[in-house]
Amino acid sequence: MTDISRRERLSFRLSRLYRRAAAHLPELGVGGVLTVGGTILILQEELIKQLIGGLPTWLLIVLVLVVPVVAGVLTYLVRRRREPAPRPVLAPMPFPDRIDGLVGRDAELRRIKDEALERGIVVVHGGIGMGTSTVAIQAGWDLAGEARKQRYADLRGPDRDRPETPLSVAQRVLRTLNRPPGGIQEPQDATAQVIEALTGTGCVLLLDNVSSWSQVEWLPTRVPGAHIVVAGTLADTPPQHVEPIQLGPLAPDAGQALLARHIGVERVSHDLKALELLVDVCLGSPLEIVRVGRWLAGNPSVPLQTLVDDLRSLSVSDTLDFVLDLGVKQLRPTAKQLFVLLAGLPIAEVDHQAAAALLGVPSAADAITELADLGLVENVRMTRVRVSSAFRGGGAEGTPREAAREVAAWRRLVEHFAEQAGSYAGRLPAEEARTWFAMEDRVLLQVLARKAPAPRTGRALARIADALETWFRLEQRHEDRLRAAAELARAAEALGDEPVQATAELRQCAILLTSGDPRKARQHFNRSAALRVRVESWPADLHLAHAAILLAGGDEFTAVESALVRYGQALAGGDVLGQAIRLANVAALLMRRGQTLDHEGRGPEARRLHADARVVLFQALDLARRAGEPATEAHARELLALTHHYLGQSHDAGLHLDEAERLYAGAADELGRARCLVHRAGIMLEDPGHAPDAVVALLEEAEPRLPAAGVSTALAHLHLGRLRRERAAEHQEAGLAALSPWDGIAEPKQVSELRALLLAL
């Protein structure tokens, strides 16, 4: 593998050294800066005395007038040269440009337009290299010529081996339609939102690079007043009501016209027979024809017949690779090294900045352009680059030197993503940060999921996982949260980084507790705790998780109280948010004690505990407001609503539920809002004059948003089973399944009572 030029490497290293030196200036402190500055001024004064000692007075006067002006101009010029390029403005993916003079596809375009107008949804299917995306994009322009009526989603994921899941596709489509993607648990949940967003708009929604019908089978079959175009190489067969429009090879005359467009009519006219043979070699594939045309255009001195003669000596399987190999051999060193690195990456595409990080240079724009001109890479999704499918997996391998360079390049890439992710995570929920994560979150997951993490990348991977946790929490994508934490734990274990592994295990524990699975949560908690030698060395979050595990696994209130005390002691001084969380958990403990006493017939004691919990929750609410944390404030409001309900104060309970729902909705926390709906339904059921249909409506709205397991899910099915007797058996089964994580382990009385009520349906 060839090297990057020494000049480029030297420029990059000097720039990096300058930035690192500047970053360490604050470490000198005020005294140090004054000392260094004073020394420099003294040296400057002595130097000036030596320089002007023998100069005449008139020359000194001229220098006094001229030097400041010259210095100012030079400073301006230097600063303008060093000014960093502005960060590209991130925006939703625009509809690709119209293709002028599409060759040989007129009949297919007419059929796509007719099908879209008649059926509402049309599928364009073609093999790799047949121009499926190009034809679909042109059809989209024919259906909606105004940019405001065009919606585009590229569904090619960054993982080469696994296509995007139907849920991921549904989330991407919702984001394209400016709908929150975190509000759906299943792909089918997005169907109604797509209909609502497109009906009567006259828009065309183009879903490009679909790999299987199963990814988009949740789409509505028709949207009145709008069109949906699905394009890609489908690996499965669509249902009978969908008739894909097949794109085959180009006709010979169309292929010749396409090749002639790239190499010029004058050059073609000298050897029409060679032109026909070249098109035959390309098997009618527009991609291959364009690739051959680009190479010939870049080599005007090569006669067409010479290339044909070379191809005739090869087998059919080698003919298409021949021209590509010629192009690779002509690459300059930087472009060749970038191509080899990109081809060997476990991720399918990166942005231009990441490509530069791979090389270790400030910019890779010229190399990317050179590769794109030869058809070796594709510029996709605005400023992103993707290796053409024919060269995937052809990365650096063989010699130890090449392997070492690949590891170093991967380490630079991981550090680049860590810096970018941390920067954008700090700006969430700003729109620019949301857009960046929407494009990069799958790539970041792939970086975490690399089978063999490079040495000394543990901290960078942890920063990436932290940023993804912030992003996925904001979007309420709990499955992706769990996947990111699991991949970080695996990578940290492989690298022997126990602190990072402990953090990742603890994060999985917290996510599983939220999704109602205390058994698996306990397993991850135990792994995290085992990596901490002594209880005294546990971080605050580990004590909090311990308290939550104990509370979910039984009614050992003394142990829970002890864990919460340790949590409070481990909090940093002035941690207002941590104290708010501690008080909310103390209140939850008091409420659980009260519920237990109430079941035992000790009503007055239970009422006193609920009253104490209410006082504690008001304190937690005040601290959460001071900390500016809506999620903690919403949780405190939710618990306050329950305490008021237990104390018989239904009006106040309703007010707190309203506020909790508002806060959860503002944070796009559909899980929290669904719990509030279940609480509201329970309060309504205790009113003798309640309207059953209204309660059922609340529960049916909540049920799809709840996790598969957990107390709230089981409670929702209990209420639905009682209200809809004809489906009682179905809800009984679902409710008991929601309590299955407690099967075979200790469970609180709350769960035991709920299980008994479900069995009695």
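1. Let's start with helix α15, where A354, A355, A356, A357, L358 and L359 are buried (under 20% relative accessible area, where exposed is over 50% and partly exposed lies in between, using a 1.4 Å probe and protein chains only). Helices here are DSSP runs of H or I with at least four residues, strands are runs of E with at least two, and both are numbered from the N terminus.

2. Before you go on, note that this is a predicted model, in which local features need pLDDT of at least 70 and side-chain atom pairs count only at pLDDT 80 or more, while totals for chains, interfaces and linings use all residues. Residues are numbered from 1 along each chain as its sequence is written, and side-chain values use heavy atoms, with hydrogens and water left out.

3. Now the cores. A nonpolar core is a set of buried Ala, Val, Leu, Ile, Met, Phe, Trp, Tyr and Cys residues joined through side-chain atoms within 4.5 Å. The largest one has 86 residues, and those with the most contacts inside it are L338, L342, V350, F417, F437 and I464. Apart from that core lies another of 28 residues, with I121, L155, I228 and V230 among them. As background, nonpolar side chains in soluble globular proteins tend to be buried together.

4. What does F417 touch, not counting residues up to four places away in sequence? Its partners are I347, V350, A354, E440, V443, L444, V447 and I464, where contact means heavy atoms within 4.5 Å. Look for A354 in that list: it is one of the buried residues of α15.

5. Next, have a look at the sheet. It is open, with 5 parallel strands in the order β2-β3-β4-β1-β5. The edges are β2 (150–154) and β5 (245–247), each pairing on one side only. On average, neighbouring strands are turned by 15° against each other, direction ignored. Strand β1 (residues 121–126) pairs with β5 over 3 bridges, and pairing needs at least two DSSP bridges. H125 has Q246 of β5 as its bridge partner.

6. Helix α6 (residues 166–176) lies across β2 and β3 (204–208), running at about 150° to β2. For such angles, axes are lines fitted to C-alpha atoms, for helices over the stretch in contact, and the angle between N-to-C directions runs from 0 to 180 degrees.

7. V210 sits in the loop between β3 and β4 (227–232). Is V210 buried or exposed? It counts as buried because its relative accessibility is 1%. Beyond four places in sequence, its contacts include L155, V230, G232 and L234. V210 and D154 are 56 residues apart in sequence, yet 8.1 Å apart in space, C-alpha to C-alpha.

8. E670 belongs to helix α29 (residues 670–685) and is buried, since its relative accessible area is 15%. A 2.5 Å polar contact joins the side chains of E670 and R705 (N or O atoms within 3.5 Å; within protein, one must be able to donate a hydrogen and the other to accept it, and residues adjacent in sequence count only if both atoms are side-chain atoms). The structure holds 0 disulfides, meaning pairs of cysteine sulfur atoms within 2.5 Å. C509 is buried, with a relative accessible area of 0%.
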